[in-house]
Amino acid sequence: MMQIDSVEIDGRIFQFFKSDLGNAPLLFLKGKKGYAMCGYLNIETANKVGDIAVRVTGVKTLDDMLSAKIADASIEAQKLGIKQGDQLKSVIDRL
């Protein structure tokens, strides 16, 4: 079952999606311009379609996502100054 919540982070509203899969949950955080995804999803598809996207790995909760360092950033996200190693919370305003 997919859990979908509106969450406020630093005064902005995001949609948070969570679905329990096998041994880890599928997590996705959508902002107005882009999104953050967990390790189940891949950045290559985001690049193909021209999305502003970042990927974080080893996460099981929204708090884990926000604390995580970005493993990959799409080309469009990189154009906004988002890069691998940035903490998601520090660049969340660009999504």
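Predicted model: local features only at pLDDT ≥ 70, side-chain atom pairs only at ≥ 80, totals over all residues.

Trainee: What makes S19 buried or exposed?

Mentor: Buried means under 20% relative accessible area, exposed means over 50%, and partly exposed is in between (1.4 Å probe, protein chains only). S19 has a relative accessible area of 11%, so S19 is buried.

Trainee: And how do you know where D86 belongs, buried or exposed?

Mentor: D86 comes out at 12%, so D86 is buried too. D86 lies in the loop between α3 (75-79) and α4 (88-91).

Trainee: Which residues is D86 in contact with?

Mentor: Contact means heavy atoms within 4.5 Å. Leaving aside neighbours within four places in sequence, D86 is in contact with A68, K69, I70, G81 and V91.

Trainee: How many of the contacts in the protein join residues at least 24 apart?

Mentor: That's 30%, counted among contacts between residues at least 6 apart in sequence.

Trainee: What makes something a helix or a strand here?

Mentor: Both are DSSP runs, numbered from the N terminus: helices are H or I with at least four residues, and strands are E with at least two. On that basis the protein has four helices and six strands. From the N terminus on, they run β-β-β-β-α-β-α-β-α-α. S19, for one, sits in strand β2 (residues 12-20).

Trainee: How do you know that β1 and β2 pair?

Mentor: Two strands pair if DSSP finds at least two bridges between them. β1 and β2 have eight bridges, in the antiparallel sense. M2 stands opposite S19 in β2. Two residues lie between the strands of this hairpin, and D10 takes a positive phi near 50° there.

Trainee: What about β2 and β3?

Mentor: Six bridges, again antiparallel. They form a hairpin with four residues between them, and F17 stands opposite F28 in β3. Then three bridges join β3 (residues 25-30) to β4 (residues 34-37), also antiparallel; K30 stands opposite Y35 in β4.

Trainee: Why are β1 and β6 said to stand at the edges?

Mentor: Six strands form an open sheet in the order β1-β2-β3-β4-β5-β6, with mixed pairing. β1 (2-9) and β6 (72-73) each have a single partner strand, so one side of each is left without a neighbour in the sheet.

Trainee: How do you know that the radius of gyration agrees with a compact globule?

Mentor: The radius is taken over C-alpha atoms, and the globule rule is 2.2 Å times the number of residues to the power 0.38. With 95 residues the rule gives a value near 12 Å, and the protein has 12 Å, so the two agree. The C-alpha atoms fill a box of roughly 35 × 30 × 20 Å, taken along the principal axes.

Note on methods:
Residues numbered from 1 in each chain as written. Heavy atoms only, no water.
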